[in-house]
Amino acid sequence: MRYQYVRRVAAGLAVSATLVVGGCGTDPAVQDLCTNAKNLSTAVQDMSALKPDGTKVDALTAKVDAALAKLDQFQAVTEGRFDSAVSTLRANLDSFRQALAAASNEAFTAAAPQLTTSLKDVRSAYAALSESLATQCPAG
């Protein structure tokens, strides 16, 4: 009698453990959030890797557009959790894009300080968002 009780308890614990362990890290909403966060990170890093100079205005504009598209995808899965950080990053990306639009190759030298400042603002806003995400999507 006691043997059957122990077997049932052991079987119940095994099933429970499987469900708990199987659920760890496989929540589709968390995976989608982290996947989109990684895609956004890649887009921001790609954009930041290009240094603002007169020959790369078009390339930088394309990278900013790509980062904005990834930000849209990211925001769609955040369930409002990071709205403030997302809004700040979006505003800084938009500001950087406007500075790029104003920086035609002829006027690039005059616009360079504004571009540098805008890019620093983008990096800072992204760093703040990354810090907020660290608990949801740990590196590794």
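How many residues does H4 have, and how far does H4 reach from its first C-alpha to its last? I found that H4 has 20 residues and reaches 28 Å, close to the 28 Å expected at 1.5 Å a residue, where the expected span is 1.5 Å times one less than the number of residues of the helix. Helices here are DSSP runs of H or I with at least four residues, strands are runs of E with at least two, and both are numbered from the N terminus.

**Ground rules.** I kept in mind that this is a predicted model, in which local features need pLDDT of at least 70 and side-chain atom pairs count only at pLDDT 80 or more, while totals for chains, interfaces and linings use all residues. Residues are numbered from 1 along each chain as its sequence is written, and side-chain values use heavy atoms, with hydrogens and water left out.

**Overall layout.** I noted 5 helices and 0 strands in the chain, with the elements running α-α-α-α-α from the N terminus on. Of the 140 residues, 30% count as buried, buried being under 20% relative accessible area, exposed over 50% and partly exposed in between, with a 1.4 Å probe and protein chains only. I also looked up the contacts (heavy atoms within 4.5 Å), and among those with a separation of 6 or more, 69% come from residues 24 or more positions apart.

**Faces of H4.** I listed the buried residues of H4 as Ala85, Val86, Leu89, Asn92, Leu93, Phe96, Ala99 and Leu100. These residues lie on the same side of H4 because they cover an arc of only 150° around the axis, the arc being that of the directions from the helix axis to the C-beta atoms. On the other side of H4 I found Ser84, Gln98, Ala101 and Ala102 exposed.

**Faces of H3.** I then turned to H3, residues 57-76, which has 20 residues and reaches 29 Å from its first C-alpha to its last, close to the 28 Å expected. Its buried residues are Val57, Leu60, Thr61, Val64, Ala67, Leu68, Leu71 and Phe74. They cover an arc of only 140° around the axis, which puts them on the same side of H3. The face turned away from this buried side carries the exposed residues Asp58 and Ala76.

Not counting residues up to four places away in sequence, Leu129 touches Leu40, Phe74, Phe82, Ala85, Val86 and Leu89.

**Aromatic pair.** Rings of Phe, Tyr and Trp (its six-membered ring) pair if their centres lie within 6.5 Å, with planes under 30 degrees apart counting as stacked, over 60 as edge-to-face and the rest as tilted. I found 1 such pair in the structure. Phe74 counts as buried at 0% relative accessibility, and Phe82 counts as buried at 8%.

Which charged side chains pair between H3 and H4? I counted 2 salt bridges, taking as the rule a side-chain nitrogen of Lys or Arg within 4 Å of a carboxyl oxygen of Asp or Glu. Arg97 forms one with Asp65, the closest N and O atoms being 2.5 Å apart. Arg97 lies in helix H4 and Asp65 in helix H3, so this pair ties together parts that are 32 residues apart in sequence. I noted both as partly exposed, Arg97 with a relative accessible area of 30% and Asp65 with 32%. Asp72 and Arg90 meet in a salt bridge at 2.8 Å, N to O, and this pair links Asp72 in helix H3 to Arg90 in helix H4, 18 residues apart.

**Loop between H3 and H4.** I found Glu79 in this loop, with a positive phi of about 55° although it is not a glycine. Most residues other than glycine have a negative phi. At 63% relative accessibility, Glu79 counts as exposed.
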